[in-house]
Amino acid sequence: MRKHLVRLVILGVMSHQAIAAPILMDLPPQNPYFVGRETLLTTIREGFQKHHLVVLTGGPGFGKSQLAKQYAHHHKNTYDIIWWFKGDRTLPHQLEMFAVALNRVLPPTAQLHTKGVAPDKLLGDINRAVH
């Protein structure tokens, strides 16, 4: 039997300018029954202190999504944007909408072009903008 490895990618976006409230997009409700996993939540936080991207891996049902949701809700005032990319929607449209939101916190000289840009180029542009 083949085991499937599933990845959940979390991208942290913090700007250098103050915004009134973080942009939260499609973030599922917090799980009121979530307990423990403090070590993993600390590891995610430490990962974001070193990098802008954290990848959670594991098989189906390991709790990656629950862990990501808990982290996002617990740290929602730390980031300017928390964007929950949904697997049942088209990625190009979600990337374009994310780039539009990202433009709200980027300086004018770093604004991203979003219309008619290929998804792989847009993803590269987003990656460069947050680093």
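Arg-37 is found in the loop between β2 (23–25) and α1; helices (H or I, at least four residues) and strands (E, at least two) are DSSP runs, numbered from the N terminus. Although Arg-37 is not a glycine, it has a positive phi of about 60°. With a relative accessible area of 33%, Arg-37 is partly exposed. Buried means under 20% relative accessible area, exposed over 50%, and partly exposed in between, with a 1.4 Å probe and protein chains only.

The model is predicted: local features need pLDDT of at least 70, side-chain atom pairs count only at pLDDT 80 or more, and totals for chains, interfaces and linings use all residues. Residues are numbered from 1 along each chain as its sequence is written, and side-chain values use heavy atoms, with hydrogens and water left out.

**Overall layout**

The protein has four helices and four strands, which run β-β-α-β-α-β-α-α from the N terminus on. Of its 131 residues, 37% count as buried. The accessible surface comes to about 8,900 Å², and 57% of this belongs to carbon and sulfur atoms; areas come from the Shrake-Rupley method with a 1.4 Å probe, and for residues only the protein chains shown count as cover. Among contacts with a separation of 6 or more, 70% are between residues 24 or more positions apart, where contact means heavy atoms within 4.5 Å.

**The α1 and α2 pair**

The axes of helix α1 (residues 38–50) and helix α2 (residues 64–74) come within 10 Å and cross at roughly 65°. Axes are lines fitted to C-alpha atoms, for helices over the stretch in contact, and angles run from 0 to 180 degrees between N-to-C directions. On the α1 side the contact involves Leu-40, Leu-41, Ile-44, Arg-45 and Phe-48, and on the α2 side Leu-67, Gln-70 and Tyr-71. These residues divide into six nonpolar, one polar and one charged; Ala, Val, Leu, Ile, Met, Phe, Trp, Tyr, Cys and Pro count as nonpolar, Asp, Glu, Lys and Arg as charged, and the others, Gly among them, as polar.

Helix α2 is largely enclosed by the rest of the structure, because eight of its 11 residues are buried. The buried residues of α2 include Lys-64, Lys-69 and His-73. Gln-70 also lies in helix α2 and touches Gln-30, Asn-31, Phe-34 and Leu-41, not counting residues up to four places away in sequence.

**Nonpolar cores**

A nonpolar core is a set of buried Ala, Val, Leu, Ile, Met, Phe, Trp, Tyr and Cys residues joined through side-chain atoms within 4.5 Å. The largest has 14 residues, of which Ile-44, Phe-48, Leu-56, Leu-67 and Tyr-71 touch the most other members. Two or more residues each come from α1, β3 (53–58) and α2, with the largest share, four residues, from α2. A second, separate core of 13 residues includes Phe-98, Ala-99, Leu-112 and Ile-126.

**Individual residues**

Asp-125 lies in helix α4 (residues 119–130). Its C-alpha atom is separated by 8.7 Å from that of His-113, 12 residues apart along the chain.

| Residue | Relative accessible area | Class |
|---|---|---|
| Asp-125 | 12% | buried |
| Gln-70 | 14% | buried |
| Arg-37 | 33% | partly exposed |
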